[in-house]
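User: Please take me through this model and say what stands behind each term. I would like the cut-offs along with the values.

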Amino acid sequence: MSLRDDIADEIPRLRRYAWVLLRDTTAADDLVQDCLERAISREHLFQPGTNLRAWLFTIMHNLHVNAITRARRMVSADPTHEAVDERRAVSPAQGDRLLLRDLERALAALSVEQQAVVLLIGVEGLTYKEAAGVLDVPIGTIMSRLARGREKLRRLMDGEDPESKTGKTP
Amino acid sequence: MSIEDRIDDTELHAYLDGELGEEESRAVEAWLAAHPDDAARVAAWRGQKNALAGLGEEILDETPPERMTRALDAAPLPATRRDRASWMRAAAALVVFVAGAAAGWWLHGSGLTGAATREVVFVDRAAGAHVVFTRERRHAVEARADKEERHLVRWLSRRLGRNLNPPSLDGAGFRLIGGRLVADDGGPAAQFMYQDSEKRRLTIYVRRARDVKNVAFRIAETRGVSAFYWIEKPYAYALIGKMERQELLKLGRLVFDHLNAPAR
């Protein structure tokens, strides 16, 4: 089995993660596409026996952060995440998915760094060590970002009532 | 509980994420039992984490867009075999395109329209690919069954988005020699090639039934070969060979039975 077969097996997970990040199918698939092309162009740098998934997520994370940096530079007046938020298309409410929608909305309010940690561990189930490898920061940083990010999410979801608006959406 | 024993938030998260050892976990559990506020927050984080794990779950079951798998196949590799393979794919695409355009032009005046036209185009492309590649001696297939059958099956299955196990036609005297990817109107098609002791060659051609309607078994003759085909969405299948109808029909049944066996 070749490295490329192994990479192909990871595509669904990459797509899912990209979609959670961007909430836009086209933007997400573009990100995955860039990630795959970058991975292929660097496949000689991958060390067999190491964690391929973590390697791919590292590439995707870096591409994502670069894209945000570029977008921010273009809207330099706004230091938050406007560029990302705009790409987060709001999908129609579907009964039991209301909670998820709140969560998705709250996620958009996190810093990019917090988002990455919360999602890598929450969505992908990475260990702290793996997340530290992907984001290239010490485990302590992972832990503090995770704690801040999750607590912010919890407050957002407990606090304001995004439901009042959501309920009216068909 | 003394000040030193205070459990901070990062430890609570580490507990939730299964990052703590047994002893540490027990300490956290004791803390939570005594601190309902923290226990409530941990419960909220746990709910969050479960919800996060469910985000976009349906995407995991989707077939990835073709351009992604294409990126994996087409990108350059230093290995010369792959270089040759991609060059040959490009050549194959050109040949089939020309053949397809000719068929389209011919059909234009024939009165056939819509799905029926596209059905004919499908058969014509399958036959065209048969004619082009069965002529090759050294490069008849891109991946050889004797050397890399697993890779062949996996690769073509991935490109077509379904499990594609080439049937064994040994009983009928035809041995699988290999297969290749063929470009069919901008989409991928898989071609498997078989050969018997007299060096007669058969091909099985499969692609997505993007724009054609289901049809039961049919036989068509085009480009000097016979095609046994059927369309059962989401795929279209053709068995091509230069042989008597009866023999083709018999082989076609074998192929059909195999490909329609319950998916593995």
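Analyst: A residue is called buried if 20 or more other C-beta atoms lie within 10 Å of its own, exposed if 12 or fewer do, and partly exposed in between, with the C-beta atoms placed from the backbone. The model is predicted: local features need pLDDT of at least 70, side-chain atom pairs count only at pLDDT 80 or more, and totals for chains, interfaces and linings use all residues. Residues are numbered from 1 along each chain as its sequence is written, while chains are lettered from A and ligands numbered from 1 in the order in which they are written.

User: What makes strand β4 of chain B mostly covered?

Analyst: Seven of the eight residues of β4(B), which spans 201-208, are buried. A strand here is a DSSP run of E with at least two residues, a helix is a run of H or I with at least four, and both are numbered from the N terminus.

User: How do you know which strands β4(B) pairs with?

Analyst: Two strands pair if DSSP finds at least two bridges between them. β3(B) and β4(B) have seven bridges and run antiparallel; β4(B) also has seven bridges to β7(B) (residues 235-241), again antiparallel. Both counts reach the limit of at least two, so both are pairs. The hairpin of β3(B) and β4(B) has five residues between the strands, and in it Lys199(B) takes a positive phi near 65 degrees.

User: What joins β2(B) to β3(B)?

Analyst: Nine bridges join β2(B) (residues 175-184) to β3(B) (residues 187-195), and the two strands run antiparallel. Asp184(B) stands opposite Gly187(B) of β3(B).

User: What is the strand order of the whole sheet, and what makes a strand in it an edge strand?

Analyst: The sheet is open, with seven strands in the order β1-β2-β3-β4-β7-β6-β5 of chain B and antiparallel pairing. β1 (143-144) and β5 (215-222) of chain B each pair on one side only, and these are the edge strands.

User: How far does the predictor trust chain B?

Analyst: pLDDT is the predictor's confidence in each residue, from 0 to 100. Chain B has a mean pLDDT of 80, with 80% of its residues at 70 or more. Residues 77-113 of chain B fall below 50, and this stretch has 34 contacts in the model beyond near neighbours in sequence. For the complex, the predictor gives an ipTM of 0.77 and a pTM of 0.51.

User: Why is Tyr128(A) called buried?

Analyst: Tyr128(A) has 20 other C-beta atoms within 10 Å, so Tyr128(A) is buried. Tyr128(A) lies in helix α7 (residues 128-135) of chain A. Leaving out residues up to four places away in sequence, Tyr128(A) touches Ile139(A), Ile142(A), Met143(A) and Glu19(B). A contact means that the C-beta atoms of two residues, placed from the backbone, lie within 7 Å. Tyr128(A) and Val117(A) are 11 residues apart in sequence and 8.9 Å apart in space, C-alpha to C-alpha.

User: Why is α6(A) called roughly perpendicular to α8(A)?

Analyst: Helix α6(A) (residues 112-122) and helix α8(A) (residues 139-158) pack at about 90 degrees, with their axes 8 Å apart. The axes are lines fitted to C-alpha atoms, for helices over the stretch in contact, and angles run from 0 to 180 degrees between N-to-C directions. Under 35 degrees is roughly parallel, over 145 roughly antiparallel, 65 to 115 roughly perpendicular and the rest oblique; the angle therefore makes α6(A) roughly perpendicular to α8(A). Residues in the contact include Val117(A) and Ile121(A) of α6(A) and Ile142(A) and Leu146(A) of α8(A). By class, this contact has six nonpolar, two polar and five charged residues. Ala, Val, Leu, Ile, Met, Phe, Trp, Tyr, Cys and Pro count as nonpolar, Asp, Glu, Lys and Arg as charged, and the others, Gly among them, as polar.

User: How many residues of each chain meet at the interface?

Analyst: 29 residues of chain B are in contact with 35 residues of chain A. α3(B) gives the most to the side of chain B that touches chain A, with eight residues. The residues on that side of chain B are 15 nonpolar, five polar and nine charged.

User: What secondary structure does chain A have?

Analyst: Chain A has nine helices and zero strands. Of its 170 residues, 34% are buried.
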